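Biologist: Can you put the model up and walk me through it? I'd like to start with the packing inside and then go on to the strands.

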Amino acid sequence: MHMKANDTVKYSKPVDEEEAKLRFTLLRDPEKGRVDIQLNCDYRIKPVETVEVGEVELANDP
């Protein structure tokens, strides 16, 4: 399935249980094999990370 801006994603290969629970919002459509993701959390300033497209996948959470 194709990822697009505002989708909720997760790490495709989390290193541990805590990382497996993290969810992110895709800030814009993937470009040149990379995506910008923002952590879904209660922080006032939410962390943003740029990762390769293969490092994340759609989160099919209810």
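Modeller: One term before the packing: a nonpolar core is a set of buried Ala, Val, Leu, Ile, Met, Phe, Trp, Tyr and Cys residues joined through side-chain atoms within 4.5 Å. Keep in mind that this is a predicted model.

Biologist: Fine. Which residues make up the largest nonpolar core?

Modeller: The largest one has 11 residues: Met3, Val9, Tyr11, Phe24, Leu26, Val35, Ile37, Leu39, Val51, Val56 and Leu58. Two or more residues come from each of E1, E2, strand E3 (34-39) and strand E5 (56-58).

Biologist: Which element gives the most to this core?

Modeller: E3 does, with three residues.

Biologist: How many aromatic pairs does a search of the whole structure find?

Modeller: One. Tyr11 and Phe24 form it, edge-to-face, at 4.9 Å centre to centre and 65° between the planes. The label edge-to-face applies because planes over 60 degrees apart count as such.

Biologist: Where in the chain are Tyr11 and Phe24?

Modeller: Tyr11 is in strand E1 (residues 8-11) and Phe24 in strand E2 (residues 24-26). They are 13 residues apart, and the pair links distant parts of the chain.

Biologist: Buried or exposed, those two?

Modeller: Tyr11 is buried, and Phe24 is buried as well.

Biologist: What else is Phe24 in contact with, leaving aside neighbours within four places in sequence?

Modeller: Besides Tyr11, Phe24 touches Asp7, Thr8, Val9 and Lys10, then Ile37, Gln38, Leu39 and Asn40, and also Glu49.

Biologist: Now the sheet. In what order do the strands form it?

Modeller: The order is E4-E3-E2-E1-E5, five strands in an open sheet with antiparallel pairing. Strand E4 (48-52) and E5 are the edge strands, each pairing on one side only. On average, neighbouring strands are turned by 45° against each other, direction ignored.

Biologist: Go through the pairings. How many bridges between E1 and E2?

Modeller: Two, in the antiparallel sense. Thr8 stands opposite Thr25 in E2. On to E5: three bridges join E1 to E5, also antiparallel, and Tyr11 stands opposite Val56 there.

Biologist: And how many bridges between E2 and E3?

Modeller: E2 and E3 pair over three bridges, antiparallel. Leu26 has Ile37 as its bridge partner in E3, and Thr25 is opposite Gln38.

Biologist: Why does Asp36 count as buried?

Modeller: Because its relative accessible area is 17%, and buried means under 20%.

Biologist: So what does the side chain of Asp36 make polar contacts with?

Modeller: There is a polar contact with the side chain of Arg28 at 2.2 Å, and another with the side chain of Thr50 at 2.6 Å.

Biologist: Which residues is Asp36 in contact with, again leaving aside neighbours within four places?

Modeller: Arg28 and Thr50 are on that list, along with Thr25, Leu26, Leu27 and Glu49. Glu49 also turns up among the contacts of Phe24.

Terms used:
Residues are numbered from 1 along each chain as its sequence is written. This is a predicted model: local features need pLDDT of at least 70, side-chain atom pairs count only at pLDDT 80 or more; totals for chains, interfaces and linings use all residues. Side-chain values use heavy atoms; hydrogens and water are left out. Rings of Phe, Tyr and Trp (its six-membered ring) pair if their centres lie within 6.5 Å; planes under 30 degrees apart count as stacked, over 60 as edge-to-face and the rest as tilted. Helices (H or I, at least four residues) and strands (E, at least two) are DSSP runs, numbered from the N terminus. Buried means under 20% relative accessible area, exposed over 50%, partly exposed in between (1.4 Å probe, protein chains only). Contact means heavy atoms within 4.5 Å. A polar contact is a pair of N or O atoms within 3.5 Å; within protein, one must be able to donate a hydrogen and the other to accept it, and residues adjacent in sequence count only if both atoms are side-chain atoms. Two strands pair if DSSP finds at least two bridges between them. Axes are lines fitted to C-alpha atoms, for helices over the stretch in contact, and angles run from 0 to 180 degrees between N-to-C directions.
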